[in-house]
Amino acid sequence: MIKFNENKNIYLYSENVDMRMGMPKIQLMVAMNFSKMEIRHSVFIFCSKDKKQIRLYYEDDYGCWLLQNRLHDGNFKRPKVLNNIKITKNQLIGLCKGLEMIESEKNRCNEYEYF
């Protein structure tokens, strides 16, 4: 069972991803940027090109999870950034519901942590 309370970090991948990718390719993408210790109990979010689907990759002590969420109406609203970003749990909840993550220009650097 995924316990979002125990997550260390939540990362939003900045580029669009082909949703036909399976677990091995997503694991490879994550492993190229993070160590095994950083991956454990962190959530990685990938968005489709049409922004109607997101995938969440999560790894715990027992195995890996790949979850998919698809909106019937509208699309996922994510911030326009050039780099991958770290988001909060509240922003993850809003993103999964299709809500827009709003960033202010003044707090842009403080609100998101880039990696």
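## Close-up views of a predicted model

**View 1. The largest nonpolar core holds 14 residues.** Ile45 and Ile87 have the most contacts inside this core. Two or more residues come from each of β1 (10–16), β2 (43–47), β3 (53–59), β5 (85–87) and α3 (89–96). A second, separate core has twelve residues, including Val17, Val30, Phe44 and Phe46. A nonpolar core here is a set of buried Ala, Val, Leu, Ile, Met, Phe, Trp, Tyr and Cys residues joined through side-chain atoms within 4.5 Å. Buried means under 20% relative accessible area, exposed means over 50%, and partly exposed lies in between (1.4 Å probe, protein chains only). In soluble globular proteins, nonpolar side chains tend to be buried together.

A word on the model before we go on: this is a predicted model, in which local features need pLDDT of at least 70 and side-chain atom pairs count only at pLDDT 80 or more, while totals for chains, interfaces and linings use all residues. Residues are numbered from 1 along each chain as its sequence is written, and side-chain values use heavy atoms, with hydrogens and water left out.

**View 2. The whole protein has four helices and six strands.** Helices (H or I, at least four residues) and strands (E, at least two) are DSSP runs, numbered from the N terminus. Starting at that end, the order of elements is β-α-α-β-β-β-β-α-α-β. Of the 115 residues, 40% are buried. The mean pLDDT (the predictor's confidence in each residue, from 0 to 100) is 79, and 77% of residues reach 70 or more. Please read residues 104–115 with care: the pLDDT there is below 50, although this stretch has 28 contacts in the model beyond near neighbours in sequence. Contact means heavy atoms within 4.5 Å. Among contacts between residues at least 6 apart in sequence, 57% join residues at least 24 apart.

**View 3. Strand β3 is largely enclosed by the rest of the structure, because seven of its seven residues are buried.** Both faces of β3 are covered, with Gln53, Arg55, Tyr57 and Glu59 buried on one side and Ile54, Leu56 and Tyr58 buried on the other. In a regular strand the side chains alternate between the two faces of the sheet.

**View 4. β3 pairs in the antiparallel sense with β2 and with β4.** Two strands pair if DSSP finds at least two bridges between them. The β2 and β3 pairing runs over five bridges, and Tyr58 of β3 is the bridge partner of Val43. Five residues lie between β2 and β3 in their hairpin, where Lys51 in the turn has a positive phi of about 60 degrees. The β3 and β4 pairing runs over seven bridges, with Gln68 of β4 as the bridge partner of Arg55. Here the hairpin link is four residues.

**View 5. Trp65 sits in strand β4 (residues 64–70).** Trp65 counts as partly exposed because its relative accessibility is 31%. The Trp65 side chain makes a polar contact with the side chain of Asp60 (3.4 Å). A polar contact is a pair of N or O atoms within 3.5 Å; within protein, one must be able to donate a hydrogen and the other to accept it, and residues adjacent in sequence count only if both atoms are side-chain atoms. C-alpha to C-alpha, Trp65 and Val43 are 9.6 Å apart in space and 22 residues apart in sequence.

**View 6. Helix α3 has buried residues Gln91, Leu92, Gly94 and Leu95.** They lie on the same side of α3, because they cover an arc of only 165 degrees around the axis. The arc is that of the directions from the helix axis to the C-beta atoms. Just after α3, Gly98 takes a positive phi of about 90 degrees.
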